[in-house]
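Please work through each task before reading its solution.

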Amino acid sequence: MVMARTTGAFYVIGGLLGLLIIAVAPGEQGNPVVVSIAAVVALVLGITLLLWGTRLPHVVYHVYVALATVLVTVAVLEFPNTVGALTLATFYAFVACDAALFFAWPPAAAHIAFVVVTCLWALPNRSVYPELPWWSGLIPAGCAVGIGVVVGILTRMASEADVDVLTGLLNRRGFDRALNTAIQHATRTGNGLALVLVDLDRFQKINDHLGHRAGDAVLQRVTAMWSKIITPEQLLARYGGDSFALLLPGSTEQAAILLTEKLRAAVAAGCSAGVTSWQQGESGSLLVSRADVGLYRAKQAGRNRTVLESARQLPLAAELRDAIDRDALDVHYQPIVSLSEGGGKAVGVEALLRWSSSAQPEVTTEGLIRVAEEYDLISDLDELVLRKACADAARLQSTFAQLALTLNVNVSGLELAETGYADRVSEILANTGWPAQQLVLEVTESELAAESHTAIANLHVLRDRGVRIAIDDFGTGYSSLSRLATLPSDILKVDQSFVAAIRSDSPAPPLLGVIAALSSALDLQVIAEGVETEYQAAVLTELGFALAQGYHYSDSHSVNDLIADLNRNQGRVGPSGTANALGASDTDFGDGDARPASNGWVPLA
Ligand code: C2E
Ligand code: MG
Ligand code: MG
């Protein structure tokens with residue numbers, strides 16, 4: 001586009017000035033008609049370039065630049081007035097400037113050489129009297145060379161800041177600029193635009209084991225292979241480290257996936273890719289962050305794959321934003337029960353977001369949380385859930401005056417890393433009257449692994465104020481066991497995948513026993529998640545687990561249903577008379593007298 005505009009503008013200026021000078025300069029010789037025709041041709045070509053130049057392939061511009069030299073030469077040869085002819089020769093500088101701006105050095109040098117030869121030849125060979133000496137072309141030709149070289153050097157210096165030295169591709173800065181230009185173009189034309197982010201799998205290992213030279217060679221080989229696969233309109237850039245970005249103007253998501261698969265097939269060591277497409281109104285940074293989410297998911301799912309992060313999620317995000325603004329999200333509560341005394345005695349509840357989208361009815365709660373994190377809605381969402389949960393828990397508390405219930409609320413690692421988070425929690429507690437000592441914030445281990453100083457500081461402040469911290473889905477994240485001791489945490493929630501592995505036809509997973517021992521050594525409470533059968537409950541009890549949560553006892557319910565349920569069962573949930581499948585007697589189930597006299601819940605601590 002810049003090339004079309006600049007070349008077109010040079011042509012138009014040349015044409016207009018040519019017509020002007022032919023109109024005002026005196027002289028009876030030469031051929032003013034030919035000069036006027038050359039000026040009009042330049043004007044028309046300039047206007048067509050300005051209007052449609054962006055559709056022309058790059059190679060056609062070589063013809064335009066050479067033709068400009070020819071038109072200037074015709075005008076210089078035939079102009080009726082000597083001074084005017086010398087003035088017209090300054091247009092050679094336009095040509096040299098254009099060539100140096102937009103072509104690589106070798107073709108640019110060829111165009112400038114053509115300019116020099118024709119200039120040196122044309123001025124002394126004019127058909128008009130008085131004849132000019134042989135050296136008359138030296139100054140305009142010298143100016144053209146000087147301007148061409150300086151412009152060429154300055155242009156290359158400016159664009160080097162946008163180029164990655166190792167691969168010769170655009171770097172992140174250059175790519176971001178190209179992306180913004182492509183978005184402006186797509187906004188005007190309504191054409192599609194797809195973006196792919198690709199990471200080479202385990203590239204760090206190549207660097208570590210074989211050295212940085214070997215790593216550099218791999219990056220250069222991959223660049224060479226991929227450059228052969230893509231077309232000139234598609235833009236490949238080195239986005240940083242072992243990350244590449246590919247911008248595909250006019251492409252759909254499906255076409256982008258097909259091309260990505262071709263690129264991936266060319267790399268034997270494997271690579272992961274995230275693909276997305278642009279929607280009207282979206283910024284470049286939003287597009288990149290969505291492709292990045294796809295890339296992240298590809299890595300999480302085991303690497304060496306392509307994941308589409310479809311732009312179709314936008315309606316879902318907008319709908320979720322609207323629901324948050326209208327306070328239209330529901331919170332349901334799943335009881336956490338004590339495994340002792342036959343199990344089923346509710347000691348707390350976990351608040352779980354419940355909302356169904358009309359744009360994407362099949363989306364799971366986990367999917368919603370991911371969309372909320374991606375579209376910067378998570379703080380508002382989590383705050384809303386916390387506020388509702390504290391208010392509902394206060395209602396539960398007043399219904400069962402003697403209970404000391406613990407409320408567990410999930411918190412996203414992103415929100416936790418915000419400054420002022422601890423104060424917002426305290427404010428909600430103050431407004432709803434829910435005691436900090438009865439609040440547990442659940443953070444997943446993988447989120448904690450990506451901990452920031454602010455997140456850890458927030459956890460410390462919250463704990464100082466009495467709030468307890470649970471590590472959710474423990475065992476699935478990346479925290480090393482030793483780090484557990486340093487993390488500000490009080491409770492481990494063992495991931496349901498460990499519990500699901502407890503089956504009557506196979507021995508209990510040894511890790512469960514280790515986690516139970518570890519938590520007792522570190523003085524952490526432990527809750528088993530996803531308990532679905534009586535057998536699992538019995539094995540967990542045997543292994544020393546004190547608390548559990550799962551469908552075996554209760555699914556999540558609205559606060560009204562939960563109050564009704566607890567009232568009916570006097571503070572217990574689940575199948576009445578849960579027997580110990582390992583043979584332990586169940587003394588207080590199936591026998592109303594053996595149950596606690598009141599529906600009194602006990603606190604977690
Ligand atoms: P989580 O915190 O580990 O919550 C437990 C999940 O397991 C819930 O899924 C629950 O319905 C499900 N579950 C409970 N018992 C069983 C069982 O016996 N078997 C099986 N297979 N599943 C069981 P849900 O509600 O779909 O939530 C999924 C995740 O979404 C939660 O995992 C939590 O990480 C997140 N989440 C839910 N609500 C919120 C929220 O308000 N804020 C944030 N940041 N995250 C939330
Ligand atoms: Mg949880
Ligand atoms: Mg969990």
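**Exercise 1.** Are α5 and α6 roughly parallel or roughly antiparallel to each other?

*Solution.* The model is predicted: local features need pLDDT of at least 70, side-chain atom pairs count only at pLDDT 80 or more, and totals for chains, interfaces and linings use all residues. Residues are numbered from 1 along each chain as its sequence is written, chains are lettered from A and ligands numbered from 1 in the order in which they are written, and side-chain values use heavy atoms, with hydrogens and water left out.

Step 1. Two packed helices are described by the angle between their axes and the distance between the axes. Helices (H or I, at least four residues) and strands (E, at least two) are DSSP runs, numbered from the N terminus. Axes are lines fitted to C-alpha atoms, for helices over the stretch in contact, and angles run from 0 to 180 degrees between N-to-C directions.

Step 2. The axes of α5 and helix α6 (residues 105–122) lie 8 Å apart, at an angle of about 170 degrees. Angles under 35 degrees count as roughly parallel, over 145 as roughly antiparallel, 65 to 115 as roughly perpendicular and the rest as oblique. The two helices α5 and α6 are therefore roughly antiparallel.

Step 3. In this contact (heavy atoms within 4.5 Å), α5 supplies Y92, V95, A96, A99 and A100, while α6 supplies A108, H111, I112, V115, T118, C119 and A122. By class, the contact of α5 with α6 has ten nonpolar, two polar and no charged residues; Ala, Val, Leu, Ile, Met, Phe, Trp, Tyr, Cys and Pro count as nonpolar, Asp, Glu, Lys and Arg as charged, and the others, Gly among them, as polar.

**Exercise 2.** Describe how α15 packs with α17.

*Solution.* Step 1. Helix α15 (residues 378–399) meets helix α17 (residues 421–432) at an angle of about 30 degrees, with axes 9 Å apart. They are therefore roughly parallel.

Step 1. The contact involves S379, E383, L386, R387, C390, A391 and A394 of α15, together with R424, V425, I428, L429, N431 and T432 of α17. These residues comprise seven nonpolar, three polar and three charged.

**Exercise 3.** Which residues are the closest to the centre of the largest cavity?

*Solution.* Step 1. On a 1 Å grid over the protein atoms alone, a cavity is a set of points where a 1.4 Å probe fits but cannot get out, and lining residues have an atom within 4 Å of a point. Grid points are joined across faces, edges and corners, and a volume is the space filled by probe spheres set on the points.

Step 1. One cavity of 30 Å³ or more is present, and the largest cavity has a volume of about 300 Å³. Of its 21 lining residues, G14, A42, A68, V72 and F91 are the closest to the centre.

Step 2. Two or more lining residues come from each of α1 (2–24), α2 (32–52), α3 (60–78) and α5 (91–102). The lining has 16 nonpolar, four polar and one charged residues.

**Exercise 4.** Where do a cis peptide bond and a positive phi occur?

*Solution.* Step 1. Y129 and P130 are joined by a cis peptide bond, with omega about -5 degrees. P130 is in the loop between α6 and α7 (138–160).

Step 1. R303, which is not a glycine, has a positive phi of about 65 degrees. The loop between α12 (284–300) and β5 (306–308) contains R303.

Conventions
1 Å grid on protein atoms, 1.4 Å probe; cavity = no way out; pocket = protein on both sides within 12 Å on 5 of 7 lines; lining within 4 Å.
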